[in-house]
Amino acid sequence: MAGRWALSIEVPGLGLADHEPVVRAAEAAGYTDVWSEETSGHDAFTPLATAAAWTERMRLGTGVVNAFTRGPAVLAQHCAALQEASGGRFCLGIGSSSNVIVERWNGIPFEKPRTRVREVVEFLCTALAGERAGPGGFKLEKPPPQPVPIYIAALRERMLQTAGEIGDGAFVNYTPLAALPRIMDEIHKGEEAAGKERGSTDVLCRFFCIQGDPEQGLGLARWMFAAYATVPVYENFFRWLGYGEAIDPMVEAWRAKDRGRALELVPTELVEDIFILGDADAQRARLDRYVEGGITTPVLLPIPMVPPDTPVSPDVFVGLVESLAPNR
């Protein structure tokens with residue numbers, strides 16, 4: 001069993017206020033963390049501000065914000081405010097994101113992502129310590145009363161090494177179980193470069209937990225995989241892991257805007273190695289294998305199998321959360 005056990009929000013299909021019973025149930029069931037996400041729904045900080053008011057003990061982290069679309073001074077202000085509001089329970093998860101979010105959606109050049117992440121992290125470490133940071137000498141009016149741990153989101157070797165080197169933790173995503181040893185090895189290389197103890201990095205991984213009949217869950221998982229694996233940063237990630245030939249036909253069809261054909265060409269074995277399918281017992285057994293491989297904080301996103309556009313009540317998610325609870 002992992003030392004920490006996290007819930008990923010935002011929970012699909014729920015409004016922000018409807019997260020309250022789910023988050024409260026997670027804390028009562030023994031979850032230690034809540035980690036937000038930020039794509040095209042809510043921003044990553046606001047759900048954590050609400051979760052801070054609904055919980056007493058849970059660690060609260062952004063999982064993740066990117067280093068491009070907010071200036072480093074603004075990020076420092078976010079961190080200081082949430083650390084104060086939560087009584088010292090906040091962690092910042094930060095990464096480079098993708099060209100789609102940074103460049104296409106926000107009009108900001110997606111250039112030198114690893115350099116950008118490293119520079120922003122260095123700025124934040126200085127600013128959050130109450131010192132002047134950056135060429136302009138930014139200084140927080142009210143530094144956070146407790147240090148803010150910084151987690152670096154990473155996919156391929158150089159960013160994984162950066163996470164192990166300068167991060168308090170690493171945040172990985174869409175991780176095939178078979179590829180976990182390679183990913184952990186790169187994090188360990190970063191730890192070694194920084195003179196850290198091997199295995200000292202808290203490694204988080206978000207897991208998409210589709211509970212129910214595996215064959216039905218596989219259909220949803222295939223769609224989610226196709227949408228992600230055709231984004232350049234994830235396509236390159238899977239190629240780096242050696243899955244280039246497996247994803248080539250799908251990527252080609254997706255770029256030709258033949259979405260139906262792309263879904264047919266999704267590599268099933270790879271999807272089954274990434275997504276957490278089956279009933280609660282099967283899912284827990286699968287998650288335990290990731291923990292054995294080095295994931296110290298599983299971040300669970302429960303996804304119910306319902307028809308499209310079907311409203312889902314918070315009670316449904318409460319049941320899913322409790323079925324995967326660490327003290328179940």
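Modeller: Start with strand 1 (residues 6-8), helix 1 (residues 19-28) and strand 2, which together make a right-handed β-α-β unit. Helices (H or I, at least four residues) and strands (E, at least two) are DSSP runs, numbered from the N terminus.

Before going further, note that this is a predicted model, so local features need pLDDT of at least 70 and side-chain atom pairs pLDDT 80 or more, while totals for chains, interfaces and linings use all residues. Residues are numbered from 1 along each chain as its sequence is written, and side-chain values use heavy atoms, with hydrogens and water left out.

Now the pairing. Strand 1 and strand 2 run parallel, with 3 bridges between them. Strands pair when DSSP finds at least two bridges. Leucine 7 has valine 34 of strand 2 as its bridge partner. On to strand 3 (residues 59-62): strand 2 is joined to strand 3 by 4 bridges, again in parallel. Here valine 34 stands opposite leucine 60.

Look at the side chains next. In a regular strand they alternate between the two faces of the sheet. Asp33 and Trp35 point one way from strand 2; Val34 and Ser36 point the other way.

Leucine 60 has another neighbour. Serine 86 sits in the loop between helix 3 (72-85) and strand 5 (90-95). Leaving aside neighbours within four places in sequence, serine 86 is in contact (heavy atoms within 4.5 Å) with Ala52 and Leu60. Serine 86 counts as buried because its relative accessible area is 5%.

Most peptide bonds are trans. Isoleucine 9 and glutamate 10, however, are joined by a cis peptide bond, with omega about 25°. Glutamate 10 belongs to the loop between strand 1 and helix 1. A cis bond also joins glycine 63 and valine 64, with omega about 10°. Valine 64 is in the loop between strand 3 and strand 4 (65-66).

The whole structure holds 16 aromatic pairs. Rings of Phe, Tyr and Trp (its six-membered ring) pair if their centres lie within 6.5 Å; planes under 30 degrees apart are stacked, over 60 edge-to-face, the rest tilted. Tryptophan 35 and phenylalanine 171 form a tilted pair, 5.9 Å centre to centre and 55° between the planes. This pair links distant parts of the chain: tryptophan 35 is in strand 2 (residues 33-36), phenylalanine 171 in strand 7 (residues 169-173), 136 residues apart. Tryptophan 35 is buried because its relative accessibility is 0%. Phenylalanine 171, at 3%, is buried as well.

A further pair is edge-to-face: phenylalanine 207 and tyrosine 290, 4.6 Å between centres and 65° between planes. Phenylalanine 207 lies in strand 8 (residues 202-211) and tyrosine 290 in helix 13 (residues 280-292), so the pair ties together parts 83 residues apart in sequence. Phenylalanine 207 is buried at 1%, and tyrosine 290 at 0%.

Finally, the cores. A nonpolar core is a set of buried Ala, Val, Leu, Ile, Met, Phe, Trp, Tyr and Cys residues joined through side-chain atoms within 4.5 Å. The largest has 107 residues, and Tyr31, Ile94, Phe225, Phe238 and Phe275 have the most contacts inside it. Helix 5 (residues 113-128) gives the most to this core, 7 residues. Another core lies apart from it, with 8 residues, among them Ala6, Trp35, Leu204 and Val299.

Terms used:
Buried < 20%, exposed > 50% of the residue type's maximum accessible area, 1.4 Å probe, protein only. Right-handed = clockwise from strand over helix to strand, strands pointing away.
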